[in-house]
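Subject: Structure handover

Hello,

Here is the structure I said I would pass on. My notes follow it.

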Amino acid sequence: TEAIGLYNLGQSCCLNSLLQVFLMNIHFTRILRRITVPASPAQRRSNVPYQMLLLLEKMQSGKCKAVGPTELACCLSEHRVELFVQHDAAQLFLTLWNLLKKQMKKPELVKELRDLYTICIQEHVACQKCSFEVKSKSTMLTLPLPVLDANSHRLKSLEDCLQYFFHPEELTGQNMCFCQQCGRKTPFLQSMKLVHLPQTLTLHLKRFCFERSSRTHKLSHSLPFPQELDLRQVLAESQCQADDSEKATWHYELFAVVAHSGSASCGHYCAYIRSLTDCKWYCFNDSEVCQVSWDDVKCTYGRSNLYWYANVSLIFPN
């Protein structure tokens with residue numbers, strides 16, 4: 001019942017933070033506890049869901065304040081996940097999720113895992129000279145939200161980022177598309193419409209950009225996010241492709257954030273997670289875990305003038 005830390009194995013703060021976000025989510029652990037145990041020792045050593053389950057059980061044994069994720073890290077290394085390097089949180093989250101989905105043998109558990117995390121989007125591309133239009137659905141694990149608009153102006157809140165992501169974009173000039181009906185390249189209007197949201201939503205704030213020198217620069221400006229998020233109040237009707245029963249599930253309460261301090265080339269990750277059992281907030285900083293307040297979580301909004309000030313990379317409403 002007590003929050004347990006994870007020892008840093010050497011630049012494993014990103015992995016530790018993401019593992020805490022997975023294992024503190026009781027909806028995920030209910031799936032994890034029902035996996036098929038691999039038959040042989042070799043299969044068990046290389047099975048990510050099983051190694052994650054062993055880590056969960058070690059954390060819940062209650063014998064120590066922190067445990068080492070060594071066996072799971074070795075298992076990930078077998079699947080070409082690099083150790084002892086700085087990872088991008090969104091990319092590592094996708095890698096972990098894909099390994100979990102690939103190695104869960106029961107189809108019903110794979111479906112539950114998809115239902116828990118997968119977002120469905122419909123893309124519309126319409127010619128502005130005629131009635132030709134193409135619609136295509138796709139799924140994604142995270143919504144990659146820009147924190148700057150097309151003119152490099154800072155977006156002021158998470159709600160602004162969501163609205164901007166679903167705002168239609170005109171494809172003109174060099175970006176024009178070939179229209180099958182017109183028989184030539186014409187201006188198009190491209191838009192994304194939200195079709196389905198999962199039980200645990202994952203939002204990725206794109207806080208990195210490329211400078212003219214080709215170096216990656218971190219965007220650390222303040223960007224507030226709320227404790228409660230209702231997508232029905234944020235997005236316009238034209239930005240959604242869902243019925244009322246689907247939209248009724250689009251009200252979320254913040255569950256976790258993964259914050260990064262430092263620069264684009266080096267830094268440190270930690271996670272702030274609201275326990276779904278006691279509803280209290282905790283800061284998971286590798287082996288150190290402490291209870292915090294909402295004001296402490298708000299400190300991860302960001303601040304441009306402090307180099308080592310933590311700002312959020314991933315947001316998990318539930």
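The structure holds six salt bridges. Keep in mind throughout that this is a predicted model. Side chains of opposite charge can pair when their charged atoms come close.

Salt bridges

Glu 71 and Lys 58 form a salt bridge, with 3.5 Å between the closest N and O atoms. This pair links distant parts of the chain, since Glu 71 belongs to helix H5 (residues 70-78) and Lys 58 to helix H4 (residues 48-59), 13 residues apart. Glu 71 has a relative accessible area of 45% and is therefore partly exposed. Lys 58 is also partly exposed, at 34% relative accessibility.

Another salt bridge lies within a helix. Lys 111 pairs with Asp 115, and their closest N and O atoms are 2.8 Å apart. Because Lys 111 and Asp 115 are four residues apart in helix H7, about one helical turn separates them. The relative accessible area of Asp 115 is 40%, which means that Asp 115 is partly exposed.

A salt bridge also joins the side chains of Lys 298 and Asp 295, at 3.4 Å from N to O. Both residues are in helix H11 (residues 294-298), where they sit three residues apart, about one turn of the helix. Lys 298 has 31% relative accessibility, so it counts as partly exposed.

Two packed helices

Two packed helices are described by the angle between their axes and the distance between the axes. Helix H6 (residues 89-103) packs with helix H7 (residues 107-117) at an angle of about 155°, and the axes are 10 Å apart. Angles over 145 degrees count as roughly antiparallel, and H6 and H7 are therefore roughly antiparallel to each other.

Which residues of H6 and H7 meet? From H6 there are Phe 93, Trp 97, Leu 100 and Lys 101, and from H7 there are Val 110, Leu 113, Arg 114 and Tyr 117. Sorted by class, the contact of H6 with H7 has six nonpolar residues, two charged residues and no polar ones.

Strands

Is strand E3 (residues 119-127) largely enclosed or largely open? Eight of its nine residues are buried, so E3 is largely enclosed by the rest of the structure. E3 pairs with strand E4 (residues 133-140) through eight bridges, and the two run antiparallel. Across this pairing, Glu 123 stands opposite Ser 136 in E4.

Phe 284 has Val 289 in E17 as its bridge partner. E16 and E17 form a hairpin with two residues between them, and Asp 286 in the turn has a positive phi of about 55°.

Positive phi values

Most residues other than glycine have a negative phi, and most peptide bonds are trans. Arg 80 is not a glycine, yet its phi is positive, at about 65°. Arg 80 is found in the loop between H5 and H6. With a relative accessible area of 80%, Arg 80 is exposed.

Cys 279 is likewise not a glycine, and its phi is positive, near 60°.

A buried residue and its contacts

Val 21 is in helix H1 (residues 13-23). Is Val 21 buried or exposed? Its relative accessibility is 3%, so Val 21 counts as buried; the cut-off for buried is under 20%.

How far apart are Val 21 and Tyr 272 in sequence and in space? They are 251 residues apart in sequence and 8.6 Å apart in space, C-alpha to C-alpha. Leaving out residues up to four places away in sequence, Val 21 touches Phe 255, Ala 256, Val 258, Ala 271, Ile 273 and Phe 316.

Regards

Technical notes. Residues numbered from 1 in each chain as written. Predicted model: local features only at pLDDT ≥ 70, side-chain atom pairs only at ≥ 80, totals over all residues. Heavy atoms only, no water. Buried < 20%, exposed > 50% of the residue type's maximum accessible area, 1.4 Å probe, protein only. Pairing = 2+ DSSP bridges. Axes fitted to C-alpha atoms, helices over the stretch in contact; angles between N-to-C directions. Parallel < 35°, antiparallel > 145°, perpendicular 65-115°, else oblique. Contact = heavy atoms within 4.5 Å. Nonpolar A, V, L, I, M, F, W, Y, C, P; charged D, E, K, R; others polar. Salt bridge = Lys/Arg side-chain N within 4 Å of Asp/Glu carboxyl O.
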